[in-house]
Amino acid sequence: MLGVSAGLDANGLALVAATVLVGQLSIGWSNDWWDAAHDAEAGRRDKPAAQGYIAASTLRTAAFAAGAVAVPLSLLAGWVGAWHVLLLASGWVYNVALKPTPWSPLPYLVGFAALPLYVVGVAGVDAAWWLGVAGGLLGAAAHFANAAPDVVQDRAAGVLGLPQRLGARPSVALALVLLGAAGTLLLAHLDLEGWAHLVALAAVLLPLIAGSALVATDRMGRPVFTLVMLAAVGDVALLAVAA
């Protein structure tokens, strides 16, 4: 969506899609390889390596192979491909070093800030500073929202990133704050008028207000996480038309 908004042609869209796909495979496989022992101890049924369906060594090989392909794919676009290499490196640093530390949000901030800059750069558009900042805020929000439901299990497994240290309720609250900041930044810089501006404003604010009300009353069930996701979708939609 962001590539289309930035004016990428079919070849550019194919390059971006292939590069990001291979990069995400590398990051995902490295995560499952690195966490295989912990996932097995925790009885994770959603992890093939933890269930013995695939060897951790196979995941390791696949992760390195995908990473080795992702780097030259990134650089096919020229120097702007360095932004995607930064995203790839951020994902690996999170998996192997920062995931169990108070610095766990940092790779999300850096990696998701780099992603829109890469996509827009491939289109030959000079990316505004706020595009990267909005991406970083969305990434950090995703980290807190994604980790919040598994705080208890992660603590038991010894994973003590910042969301696990804060707890589920503060993590969801922080995710809402970050999403609100991203939405405000995007709305402030997008040239929307009339009904389009009102619809965008409602898409950003209503899930945030409803989610904040649930967090304030300590109602941490599925509805609050659904609202967090809706707020994220609203922000991502704004980001997609921001190029």
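How many residues does the largest nonpolar core have, and which of them have the most contacts inside it? Before I answer, please note that we are looking at a predicted model.

The largest nonpolar core has 43 residues. V16, V172, L179, L186 and L238 are those with the most contacts inside this core. At least two core residues come from each of helix 2, helix 6, helix 7 (129-147), helix 10 (168-189), helix 11 (194-216) and helix 12 (222-240). Let us take L179 as an example. Leaving aside neighbours within four places in sequence, L179 is in contact with L138, A141, L208, V228, A231, A232 and D235. There is also a second, separate core of 12 residues, and I27, W33, A63 and W92 are among them.

I turn now to a helix pair. Helix 2 (residues 10-34) packs with helix 5 (residues 81-98) at an angle of about 10°, and their axes lie 9 Å apart. Helix 2 is therefore roughly parallel to helix 5, as the angle is under 35 degrees. On the helix 2 side, the contact is made by T19, V20, G23, Q24, S26, I27, S30, N31, W33 and W34. Helix 5 contributes H84, L87, L88, G91, W92, N95 and V96. By class, this contact of helix 2 with helix 5 has eight nonpolar and nine polar residues, with no charged residues.

Finally, consider T101, in the loop between helix 5 and helix 6 (105-122). Is T101 buried or exposed? T101 counts as buried because its relative accessibility is 18%, and the cut-off is under 20%. Apart from neighbours within four places in sequence, T101 is in contact with L160, G161, L162 and R165.

Conventions: Residues numbered from 1 in each chain as written. Predicted model: local features only at pLDDT ≥ 70, side-chain atom pairs only at ≥ 80, totals over all residues. Heavy atoms only, no water. Axes fitted to C-alpha atoms, helices over the stretch in contact; angles between N-to-C directions. Helix = DSSP H or I, 4+ residues; strand = E, 2+ residues; numbered from the N terminus. Parallel < 35°, antiparallel > 145°, perpendicular 65-115°, else oblique. Contact = heavy atoms within 4.5 Å. Nonpolar A, V, L, I, M, F, W, Y, C, P; charged D, E, K, R; others polar. Buried < 20%, exposed > 50% of the residue type's maximum accessible area, 1.4 Å probe, protein only. Core = buried A, V, L, I, M, F, W, Y, C linked by side-chain atoms within 4.5 Å.
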